[in-house]
Amino acid sequence: MNDIPGELVERLRDCRRLVIFTGAGVSAESGIPTFRDAQTGLWAKYSPEQLASPEGFRQEPQTVWDWYAWRRERCLAVQPNPAHRAIAELQRRLPHATLITQNVDGLHQRAGSASALELHGNIHRLKCFRCGENSGAWPDDCSAPPLHSCGGLLRPAVVWFGENLDHEVLEAAWRAAEEADLFFSIGTSSLVYPAADLPFLAQRNGCYVVEVNPQPTPLSAHANLCLNGAAGVVMPAVVAALG
Ligand code: BV8
């Protein structure tokens, strides 16, 4: 997938407000399994929705903690891939480019993205399960959920299923989508709300929406353009086509 349509190149060159929206597929080529990938090994008997939920943490705090500790180690052990780097390059070269990510792995920032709206939080930070206070970075060699000063347990500072997203982050994402004239949805199954509504919100406001995904999703039939390929191939080709 290297032929980027000329119309898209023109739109990139003329765009005033670009939104780049990403999901787990952007990190797949770094070696981080997506949510759709089957859970393996220790986690095979759990679904992500079970583990990534307040109920899951309430019932089995140690199991949920171990799952996130294992995922965090994988995030730290891998490198950003060409998709992350191409997205950072687009942010540098195009005006008012807003990156909105569902990913919690921090790879966009490690690839050089100066800013990212992390809709679902970040696996490298902790917060209190009882009072919600942020508690800074995940300390190394922490084998069990630490206690917060209020007596609650600390948990990963990610948004779990059934939890509200941070309102300021979500408001900023809605505003960026409403004002965009070009919107890339990259590597997401477009299944999880309210994040999955963002490309539709953009399109309702007259925005041209491009999907980058090797597989079809519920967005595919509505997108103005579908680039059916891996983000690590397509996004560098987009940057190259820009010249
Ligand atoms: C909310 C952080 C209000 C944690 C995540 C019942 C009760 C409660 C809520 C609900 C309910 N029913 C529905 C809901 C709403 C629910 C929801 O949408 N559920 C879905 C499953 C239907 N949403 C919520 O709960 C949200 N909160 O609604 O609050 C509320 C409050 C109370 C009660 C009701 C409502 C919170 C959702 C956030 C959950 N947290 N992550 C963690 O990481 O552990 S979600 C998690 O899955 C990811 O962050 C991501 O956002 C999401 C989807 O994953 P994707 O990123 O899309 O990845 P996925 O694996 O799905 O797909 C990968 C894609 O990449 C595929 O399409 C694949 O083809 C493609 N791909 C693969 N390789 C490549 C590639 N693409 C490009 N290149 C490649 N190389």
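Let's start with two strands: S7 and strand S8 (residues 208–212) run parallel, joined by five bridges. Strands here are DSSP runs of E with at least two residues, helices are runs of H or I with at least four, and both are numbered from the N terminus. Two strands pair if DSSP finds at least two bridges between them.

A word on the source. This is a predicted model, where local features need pLDDT of at least 70, side-chain atom pairs count only at pLDDT 80 or more, and totals for chains, interfaces and linings use all residues. Residues are numbered from 1 along each chain as its sequence is written, and side-chain values use heavy atoms, with hydrogens and water left out.

Back to S7. On one side, serine 185 stands opposite glutamate 211 in S8. Strand S1 (residues 18–22) also runs parallel to S7, through five bridges. There, phenylalanine 21 faces serine 185.

Is S7 buried or exposed? S7 covers residues 182–186, and five of its five residues are buried. Buried means under 20% relative accessible area, exposed means over 50%, and partly exposed is in between, with a 1.4 Å probe and protein chains only. In a regular strand, side chains alternate between the two faces of the sheet. Here Leu182, Phe184 and Ile186 point one way, while Phe183 and Ser185 point the other.

Next, the connection. S7, helix H9 (residues 198–204) and S8 form a right-handed β-α-β unit. Right-handed means that, with the strands pointing away from the viewer, the path from the first strand over the helix to the second runs clockwise.

Now look at the loop between S7 and H9. Proline 194 is in that loop. The peptide bond from tyrosine 193 to proline 194 is cis, with omega near 0 degrees. Serine 190 lies in the loop between S7 and H9 too. Its phi is positive, near 55 degrees, and it is not a glycine. Most residues other than glycine have a negative phi, and most peptide bonds are trans. Serine 190 is buried, at 3% relative accessible area.

Which other residue has a positive phi of about 35 degrees? That is aspartate 141. Aspartate 141 sits in the loop between strand S5 (134–137) and S6. With 80% relative accessibility, aspartate 141 counts as exposed.

To recap, S7 is mostly covered, serine 190 is buried, and aspartate 141 is exposed. Thanks.
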